[in-house]
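This briefing is meant to be read beside the sequence and the model. It begins with salt bridges and then turns to the chain interface, the surface and the backbone.

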Amino acid sequence: MKSITAMPHKKQAAMYFTESFVSVMIIGALILISIAVIVLLALLITDIKNKKLW
Amino acid sequence: MISQETGWILLGALSVLWILLGIYWGRKAKSMDGFMLAGRNVGLAFGTATAMATWVTSNTTMLAPQFALELGVWGMLAYSTAAFGLLLFAPLAKRIRSLMPGGYTSGDFIRLRYGKATWILFLVISIFYGFTWLISMGMAGGILMNAIAGIPYATGMTIILAVCTGYTLFGGLYAVIGTDYIQSLIIMAGIVVVGIAVMNKVDLDTVYNHLRTDKPMLLKALQPAAMMAVFNNLLFGLGEVFHSNVWWSRAFAMRGEVGKKAYTLAGFAWLPIPVAAGFIALTSGALGINVTSPDMVGPLVAANVLGKAGAVIVFAVFFCSLASSVDSLLASTSDLITEDIYRKMINPSANQQQLRKVSAGIIIGLAVLAWLVCLPRIGTLATVLFFAGPMVGSTIWPVATGLYWKKANAKGAIWGMLAGSLAGLAAYFELGWYTASLVGAAVSMVVVVAFSYFFPDNFDWRRLDEKHHGDAAQKASSHVFH
């Protein structure tokens, strides 16, 4: 069996998550959480306005 | 990370806040429906927040970073798949509410759908799981207070359990859901603040290159064990949510049209949290932090990039993630024991005052028992948590098919849970924790489907609505306290 280091460069790169994939995942996660905070606050205001909190 | 004095001030301030809010919201709990199910009228904001906050446990904030450090990118993704528990429970929540408008617990469903024998086995699994989760939270509380503020393990653990018991006793599910809303905001805001601070201190390029050079395994796209952990965690999450009364009680508590939306939104809000928490852990190498205990990497990184402020934020996030789960576990496990054991087995004619007293006694009893088990500081978080995995994994199919499939039957459910649990436990010991839920759920699926095919039932869905079947005890529960 070939070792990873003996493989052609292109194939070796494909075995790892790319930097752009990792960056998008992390930045996307932080953006999603921030949106979730805003959505929760908006839902609270809507529920209070419509008297549907409880 | 912070002085013991600051730790005590924070612990005291948050404890007083939760107890006062518990008393304030607890005034609404005038009936058993109010105490156990927050009046069955919870709106979308509180519904979403309570599902999301309860699912963010100390395990999410401590184990997700540990997963990232041990299994890399796949570890973060694996932990995130637990969000599917909430997402896939969303349609079930709607169906539960419509089939059982007067239901109280997940035990009610199993008893009415599959009969007494399956019900008893289900209660054993469910109470064992709930208690295991409670212990892991109590232990985590003590460990965290000790690691962040130097508060002795036993003292920190005792205070967290006592505070959660206090406000759950005062306000029941009203207090639990109300505090969950505030706790969810603190958790999410805290994670975003620490995440952004980390990115300001060290750019993603540096983190990636550091990992590529020093720990390339963590970036590897093909890792069989880690990929197995993805499916295992997904199924563990599904099993936890599908069977546990923590989630069923919320389905009963939310307005009819709210449950599905609330669980869907909560799932999407929860999904990125393990990724963000995992990322914070992965930066530890690039920041030059020496990680001695993987589950403490989050607080270490936060303190490194934000100084004392970071440690204070992490303290608050951890306290909220612990409290939001401990209160829910105390309330829902107490509901399960009060409704399914005391009212159904011991005293069917119990009135409201008796039920409330019993419920309060069970909440205190559970907390004391958890405290006693937590005191010697046994095992690691992962060990405690994943041991229950195969058992809850084996409940997925009996619950899901029982809600949608008339052919699903009691024999399939009971043998599915038994065979799934045993096979899953064997896999836990023989193969590794990351296969246990997977095996438990797979074996249970085969058994449930086979029994449904060979011995089909023809269940009448109306039997799930006890109120319309003139159950005397059920009628008694609609009265208010006197």
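In this predicted model, the side chains of B:K344 and B:D108 meet in a salt bridge, with N to O at 3.6 Å; a salt bridge here is a side-chain nitrogen of Lys or Arg within 4 Å of a carboxyl oxygen of Asp or Glu. Because B:K344 lies in helix α15 of chain B and B:D108 in helix α7 of chain B, the pair ties together parts that are 236 residues apart in sequence. Helices (H or I, at least four residues) and strands (E, at least two) are DSSP runs, numbered from the N terminus.

Residues are numbered from 1 along each chain as its sequence is written, and chains are lettered from A and ligands numbered from 1 in the order in which they are written. Local features need pLDDT of at least 70 and side-chain atom pairs count only at pLDDT 80 or more, whereas totals for chains, interfaces and linings use all residues; side-chain values use heavy atoms, with hydrogens and water left out.

**Salt bridges**

- Over all chains, a search of the whole structure finds 8 salt bridges, and a network of them links B:D108, B:R111, B:E339, B:R343 and B:K344.
- B:D108 also forms a salt bridge with B:R111, where the closest N and O atoms are 3.0 Å apart; both residues lie in helix α7 (residues 106-114) of chain B, 3 residues apart, or about one turn of the helix.
- B:D108 counts as buried at 1% relative accessibility, where buried means under 20% relative accessible area, exposed over 50%, and partly exposed in between (1.4 Å probe, protein chains only).
- B:R250 and B:D180 meet through their side chains in a salt bridge of 3.4 Å, N to O, and this pair links distant parts of the chain, with B:R250 in helix α12 (residues 245-253) and B:D180 in helix α9 (residues 153-201) of chain B, 70 residues apart.
- B:R250 is buried, with a relative accessible area of 1%, and B:D180 is buried with a value of 0%.

**Interface of chain A and chain B**

- In chain A, 29 residues are in contact with 46 residues of chain B, contact meaning heavy atoms within 4.5 Å.
- The area buried between the two chains is about 3,300 Å², of which carbon and sulfur atoms give 79%; this is the accessible area (1.4 Å probe) that two parts lose on being put together, summed over both.
- On the side of chain A that touches chain B, the largest share, 19 residues, comes from α2(A).
- Between chain A and chain B the count is 0 salt bridges.

**Chain A and its surface**

- Chain A has 2 helices and 0 strands, and buried residues make up 35% of its 54 residues.
- A:I27, found in helix α2 of chain A, counts as partly exposed at 36% relative accessibility.

**Backbone of chain B**

- B:A38 has a positive phi of about 50 degrees although it is not a glycine; this residue is found in the loop between α2 (32-37) and α3 (44-55) of chain B and is buried, with a relative accessible area of 0%.
- B:R40, found in the loop between α2 and α3 of chain B, has a positive phi of about 55 degrees although it is not a glycine, and counts as buried at 10% relative accessibility.
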